[in-house]
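Student: Please show me the structure, and then let us go through it in questions and answers.

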Amino acid sequence: MNLLFFLTPKCDVCVLDSDFTLRQAVEKINTTGRSAVPVIDAEGHYCGTASEGDLLRAVLKEDTQKDWEHVRLMDIIRPDFNPPVSAFASIEDLLQRASEQNFVPVVDDRGMFIGIVTRKAILQHFMQTLKKQA
């Protein structure tokens, strides 16, 4: 089985632009209802994931909302949070990563973001498989 079977393609994923300011990131993540969103650069490379916690910590450091315009998103996100897997990663690697985070970013061999695999998609697949076997 290939992990691309579980992939939600980039065109169906809400992402943040790496050039966003704190204000832009807060506004966009607030409208998505998501607790974490992938960040990609202008070329499409995966840069990391911005979480509500990352944004909240940054907001609390600033004195006013006007100051949010001067803080870059890339200065906020943690580089080691929610690392991606290769599109050619094994199912075992995918399952390990999905056990630790709600979604797993997927990149091609050039580091280009191609989508995400959600823990929900994996669980739904295995629940359907179990139902078929019963």
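Student: Which residues have the most contacts inside the largest nonpolar core?

Tutor: This is a predicted model, in which local features need pLDDT of at least 70, side-chain atom pairs count only at pLDDT 80 or more, and totals for chains, interfaces and linings use all residues. Residues are numbered from 1 along each chain as its sequence is written, and side-chain values use heavy atoms, with hydrogens and water left out. A nonpolar core is a set of buried Ala, Val, Leu, Ile, Met, Phe, Trp, Tyr and Cys residues joined through side-chain atoms within 4.5 Å, where buried means under 20% relative accessible area, exposed over 50% and partly exposed in between (1.4 Å probe, protein chains only). The largest such core has 16 residues, and those with the most contacts inside it are Leu16, Leu22, Val39, Ala50, Leu55 and Leu73.

Student: Which helices and strand each supply at least two residues of this core?

Tutor: Helices (H or I, at least four residues) and strands (E, at least two) are DSSP runs, numbered from the N terminus. The elements that each supply at least two residues of the core are helix H1 (22-32), strand E3 (36-40) and helix H2 (52-61).

Student: What is Val39 in contact with, leaving aside its neighbours within four places in sequence?

Tutor: Contact means heavy atoms within 4.5 Å. With those neighbours left aside, Val39 is in contact with Leu16, Asp17, Ser18, His45, Tyr46, Cys47, Gly48, Thr49, Ala50, Leu73, Met74 and Ile77.

Student: Where do the buried residues of helix H3 lie, seen down its axis?

Tutor: Helix H3 (residues 91-98) has Ile91, Leu94 and Ala98 as its buried residues. Their cover includes strand E6 (103-107), E7 and helix H4 (119-133). The arc is taken from the directions from the helix axis to the C-beta atoms. Down the axis of H3 the buried residues fall within an arc of 60°, so they line one face of the helix.

Student: Is Thr49 buried or exposed?

Tutor: Thr49 lies in strand E4. Not counting residues up to four places away in sequence, Thr49 touches residues including Ala36, Asp54, Phe81 and Phe103. Its relative accessibility is 0%, so Thr49 counts as buried.

Student: Which side chains does a polar contact join to that of Thr49?

Tutor: A polar contact is a pair of N or O atoms within 3.5 Å; within protein, one must be able to donate a hydrogen and the other to accept it, and residues adjacent in sequence count only if both atoms are side-chain atoms. Another, of 2.6 Å, joins Thr49 to Tyr46.

Student: How many aromatic pairs are there?

Tutor: Rings of Phe, Tyr and Trp (its six-membered ring) pair if their centres lie within 6.5 Å; planes under 30 degrees apart count as stacked, over 60 as edge-to-face and the rest as tilted. By this rule the count is two.

Student: Why is the pair of Phe5 and Phe6 called edge-to-face?

Tutor: The ring centres of Phe5 and Phe6 are 5.2 Å apart. The planes stand at 80°, so the pair is edge-to-face.

Student: How many residues apart are Tyr46 and Phe113?

Tutor: Tyr46 and Phe113 form a stacked aromatic pair, 6.1 Å centre to centre with 20° between the planes. Tyr46 is in strand E4 (residues 46-51) and Phe113 in strand E7 (residues 113-118), so the pair links distant parts of the chain, 67 residues apart.

Student: Are Tyr46 and Phe113 buried or exposed?

Tutor: Tyr46 has a relative accessible area of 14%. For Phe113 the relative accessible area is 3%. Both Tyr46 and Phe113 are buried.

Student: What separates the C-alpha atoms of His45 and Phe113?

Tutor: His45 lies in the loop between E3 and E4, and at 27% relative accessibility His45 counts as partly exposed. Along the chain His45 and Phe113 are 68 residues apart. Their C-alpha atoms are separated by 5.4 Å.
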